[in-house]
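Please keep the sequence and the coordinates in view while reading.

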Amino acid sequence: IKAGTFDRIDINEQQVGVSAQALQTILPQAVQHNKEHDLLSVSYGNAALTAAVYLARRVLELEQKLDKLQHNF
């Protein structure tokens with residue numbers, strides 16, 4: 001995902017964030033499309049919650065694997 005500073009063409013301002021186009025390929029539910037102006041924007045709350053849930057699941061999986069490894073020694 002491309003991250004950094006971006007020039008907002010709708011409000012003529014520079015902001016920090018992620019590329020809506022790049023995020024759309026892996027998490028389309030977190031990207032809003034303004035069809036009237038053909039602009040994409042990121043719904044950061046949705047993206048953050050989804051990422052937190054994914055990371056929590058991954059941590060639990062890794063903890064289970066670690067427990068199995070520790071019990072084998």
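Asp38 lies in the loop between strand 3 and strand 4; helices (H or I, at least four residues) and strands (E, at least two) are DSSP runs, numbered from the N terminus. The model is a predicted one, in which local features need pLDDT of at least 70, side-chain atom pairs count only at pLDDT 80 or more, and totals for chains, interfaces and linings use all residues. Residues are numbered from 1 along each chain as its sequence is written, and side-chain values use heavy atoms, with hydrogens and water left out.

The phi angle of Asp38 is near 50 degrees, which is positive although the residue is not glycine. With a relative accessibility of 56%, Asp38 counts as exposed; on this scale buried means under 20% relative accessible area, exposed over 50%, and partly exposed in between (1.4 Å probe, protein chains only). The hairpin to which this turn belongs has 4 residues between strand 3 and strand 4. Strand 3 covers residues 31-34 and pairs with strand 4 in the antiparallel sense over 4 bridges, where two strands pair if DSSP finds at least two bridges between them. Within this pairing, His33 has Leu40 of strand 4 as its bridge partner.

Strand 1 and strand 2 form a hairpin with 4 residues between them. The two strands run antiparallel and are joined by 6 bridges, strand 2 comprising residues 13-18. Asp7 is bridged to Gln14 in strand 2. Asn12 lies in the loop between these strands, and its phi is near 50 degrees, again a positive value in a residue other than glycine. Asn12 counts as exposed because its relative accessibility is 75%. Strand 1 itself spans residues 3-8, and the number of its 6 residues that are buried is 0, so the strand lies largely in the open.

The loop between strand 2 and helix 1 contains Ser19. Its relative accessible area is 9%, so Ser19 is buried. A polar atom of the Ser19 side chain lies 3.1 Å from the backbone nitrogen of Ala22. This is a polar contact, meaning a pair of N or O atoms within 3.5 Å; within protein, one must be able to donate a hydrogen and the other to accept it, and residues adjacent in sequence count only if both atoms are side-chain atoms. Apart from neighbours within four places in sequence, Ser19 is in contact (heavy atoms within 4.5 Å) with Lys2 and Phe6.

Helix 1 comprises residues 20-26 and includes Gln24. Gln24 has a relative accessible area of 35% and is therefore partly exposed. Not counting residues up to four places away in sequence, Gln24 touches Val31 and Leu40. By contrast, Gln24 and Leu60 are 36 residues apart in sequence and lie 27 Å apart in space, C-alpha to C-alpha.

Which residues make up the largest nonpolar core? Its 7 members are Ala20, Leu23, Leu27, Ala30, Val31, Val42 and Ala47. A nonpolar core is a set of buried Ala, Val, Leu, Ile, Met, Phe, Trp, Tyr and Cys residues joined through side-chain atoms within 4.5 Å. Beyond four places in sequence, Ala30 touches Leu23, Ser41, Val42, Ser43, Asn46 and Ala47.

Ser43 sits in the loop between strand 4 (39-42) and helix 2 (44-71). At 19% relative accessibility, Ser43 counts as buried. Its side chain makes a polar contact of 3.1 Å with that of Asn46.

Taken as a whole, the protein has 2 helices and 4 strands, in the order β-β-α-β-β-α from the N terminus. Its C-alpha trace spans about 60 × 20 × 15 Å along the principal axes. The radius of gyration is 18 Å, whereas a compact globule of 73 residues would have a value near 11 Å; this radius is taken over C-alpha atoms, and the globule rule is 2.2 Å times the number of residues to the power 0.38. Of the 73 residues, 14% count as buried.
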